[in-house]
Amino acid sequence: MTLAELQEIKARELESRKKIVLRCCMAAGCMSSDSAGVKAALDKAVADAGLGDSIEVRSVGCMRLCCEGPLVQADPANKLHVRVTAATAPSIIAALQGKDAPGLEFADPDSDFFKQQLSIVLANSGVVDPERIESYIAADGYVALRNTLRESEPSEVIAEITQSGLRGRGGAGFPAGLKWSTVAKSPGAKKYVICNADEGDPGAFMDRSVLESDPHAVLEGMAIAAYAVGADQGFIYVRAEYPLAISRLQTAITQAKRLGLLGSGIFDSPFNFEINLRIGAGAFVCGEETALMASVEGKRGTPRPRPPFPAERGLWDMPTLINNVETFANIAPILRHGAEWFASIGTEGSKGTKVFALAGKIQNTGLIEVPMGTPLRSIVESMGGGAPDGGRIKAVQTGGPSGGCIPAAHLDTPVDYESLARLGSIMGSGGMIVMDESTRMPDVARYFMEFCVDESCGKCIPCRAGTVQMLALLEKIVARRATARDLRLLEELCDMVRNTSLCGLGQTAPNPVLSTLRFFRHEYEELLQPEIPAATAAHGRSHESAVS
Amino acid sequence: MREQTGSDKRYRILEAHIKKHRARQDALIEVLHKAQELFGYLDDNTLRYVAWKLKLPPSRVSGVATFYHYFKLKAQGAHTCVVCLGTACYVKGADEVLASVERTTGVKAGGTTADGKVSLFTARCIGACGIAPAVVFDGVVAPRQTAGTASERIQTWVKS
C-alpha cells in the first residue's frame, strides 16, 4: 500500500457516491428493533422504484438516539426518521419522490441532543459503513498511520500525544503520552499493545458502539501506538457479550490485512504489526489491566500487585501498553489535526471530548460526545430532555460500580476528571445513569454491592470477604432491621476495603455506598431501628445473625 | 481419551480449532469458547480432552472454566432467556421482568425447567442500556420489555 493507492481508493469511493444517501443504523440497539429488516425493505423499495442510480442505502453505526430506533437518516434532506419499521420503510422512498408518505415519524436533527455534541471519537459513527474499509478510507482513514510511519520518528509521535493532553478514557485518566513513553523506554525483547474492550460497567455502552460503528479507527490508533512504543503484536480483549462488535472487528482486521495496512512492511516501511482478538468470558475483574493480561495469557483473570506496572512488565513479562477503546479512537484524529487543535478543546486538566452513554430515567437515551467540562446539567437537561413523564431528576450515577451518585443539587458541576472526583464519584468509562425520585439510594448501594460480591475474583481477602459483609449490612438496612451501630460498622468496613484491597475492583467497591451516604444519608437513617438498650443487648445479639 | 472421542464429529472440529491456534496454551479460553459452542456446555470429558490437547494440567483447565461466568458446566435448556440486570435496566424495572419470567418458568435465575425446555439467566449488563429493560431470548436482544411481554414470549416456548 502506498499513499497514492490509498488516495485512489478514497477517490473511487467518493465517485461512486449517489445523490441521495439513506443511512440506516446497524448498531446493536437498533438491530434489536429489526433495523436489518428496515434495511432490506429500503433496498427493495429503492429497487422497485428503479432509483438504484440515485439512492444509496448505507449500513452505518450508531446514530446516538438509541431510544427512538431504528433510525434512518436521509441526506442531503437532513431528515432523521425514527421508529422506522419494515412496513413504513417504503414510505421514506415515497417521500423522497414527493409522493404521499404515511406512517413516518421524525426527530429534529437540530435539537439540543444533536447540536450540543462535538464528535471526534464518534465522527465516523453513523456515517461510514463499519463493514467496508473503503468507507473508512474515504473519511481519511489510515492517512494518519501512513504519515506517521513515513514521516515521523516514534519519539515525535509520543511528543505529539503528550502535547495533546490526552488522558486515558478507561476511567483513571492517566496521561496517555506518559504511559506511551514509559513503554517506549522500557527494555524488552518484545513489546505488546493491548486494547481494553472489556467494557464491564453496567450502564456503559460507549466502547461497544465505537467498535460496532468504526472498528478501523481503533485498529489505526493501535497501529500508531505500536509504532510509537516499538511493539509488533497487538491484542484486543473484547467481551463475549458483544457478538456484533467481535464480528465487525474480525471483518475489519481481515480487510486491513488484505490491503497491507496490518501485517509486515506496512506502507513500505520496516514496521510490522499484527492484531489478534481475545474474547472475554464474563468476568468484570478482567477490565483491571493486570487481570486482563492474565486472561489474555489464557489464565484465570486475577489481578496482581502493581508495581511492576504493565508498561514495564506486562504480558508475558514484557513491556505492554494497555489503553481503552476510546483512547485509541482519539489517536488518528489527534495526528490528523494536530495536538494543538485537540488541546484547545476541553478544560485545563481534561482535554478533548468524552463519550457518555446516557440511560436510565431520562427522555433521550443514547450516546453523546461532548467537550470535557460540559456541565452535567446541559447533558441531562438540555440534551437528555430531563426525566420522563414530568418526573424530577434525583441523581446521576457515573462510573458504574466504582463510581458514585451525584445529587441534582450538583448538576452544575462541569464534567471532567477532577470535578467528578471532588464529588466522590469518578469519570469512569462514561456510563451515566439518571435516577428520579422513585429510586431509593440504599437500594442502589445494595445493587452495586451485590454486583461486587458476584464479581470479586476472590484473590484478596478484604474484597472477597469485605464485600460480602457490606452486602449483608446493606440488606439489613434495606430490610429495616439495622441500627445505627450497623451503619457505623458499614462505614468502617468501607474504609478498610478501600484501603487494603489488591486491585481497583475492591478499592472502589465502597464508592457507591460512600457517595450515597455523603449526599443521601437521611435515606439510610430513615430505615434504621432504635438501638437496643445495653441491658437487653446480650439477649438481642443472639438473634442478630445477618453479619455473622 | 482417543477411544471416547473417536466417533464424535464435534471433537474433530474442536481439534481443528486447536490446531488453528497451534495448540498454544494461552489459547485456552478461545478453545473453551469453541468447545462450548460445539457441545452447548463444558463437561468433565470435554475439559479433560482440552487439557490433553493443550498439554495443560486438568486442574488449570478446570480452574479457568469455573472462573469465568460465561462458561456453563451443566447442560442448558432448549431455549435460553437472559434478563439483563444492568443499572439502566434495573432502574427501569428489570427486577419485575425477572420476577415474572421466574413465575412463568417456575425456576430461579441460573436454573433450567424440569422438562429441559427453558434455561433462565441474568446478565450484569449487555450494553443495550438505550433500550432498557432488555432481555435476550435465544441470543436475540429484545428491547423495552415488561413483565407481560417477557412472560408471553416464554409462554410460547413452554407450549411448543
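Modeller: What follows is a description of chain B. The model is predicted: local features need pLDDT of at least 70, side-chain atom pairs count only at pLDDT 80 or more, and totals for chains, interfaces and linings use all residues. Residues are numbered from 1 along each chain as its sequence is written, and chains are lettered from A in the order in which they are written.

Chain B is divided into domain 1 (2-67) and domain 2 (79-159), with bounds that come from an automatic or database domain assignment. The C-alpha centres of these two domains of chain B lie 30 Å apart.

Consider next helix H2 (residues 9-20) of chain B, whose axis comes within 10 Å of that of H3(B) and crosses it at roughly 160 degrees. H2(B) is therefore roughly antiparallel to H3(B) (angles over 145 degrees, on a scale from 0 to 180 between N-to-C directions, count as such). Helices are DSSP runs of H or I with at least four residues, and strands are runs of E with at least two. In this pair, B:Arg10, B:Ile13, B:Leu14, B:His17 and B:Ile18 of H2(B) meet B:Val31, B:Lys34, B:Ala35, B:Leu38 and B:Phe39 of H3(B). Seven of the residues in this contact are nonpolar, one is polar and two are charged.

As for the partner, 32 residues of chain B are in contact with 37 residues of chain A (C-beta atoms, placed from the backbone, within 7 Å). Helix H3 (28-39), helix H5 (58-67), helix H6 (87-91) and strand S4 (140-142) of chain B each supply at least two residues of the side that touches chain A.

Conventions: Contact = placed C-beta atoms within 7 Å. Parallel < 35°, antiparallel > 145°, perpendicular 65-115°, else oblique. Nonpolar A, V, L, I, M, F, W, Y, C, P; charged D, E, K, R; others polar.
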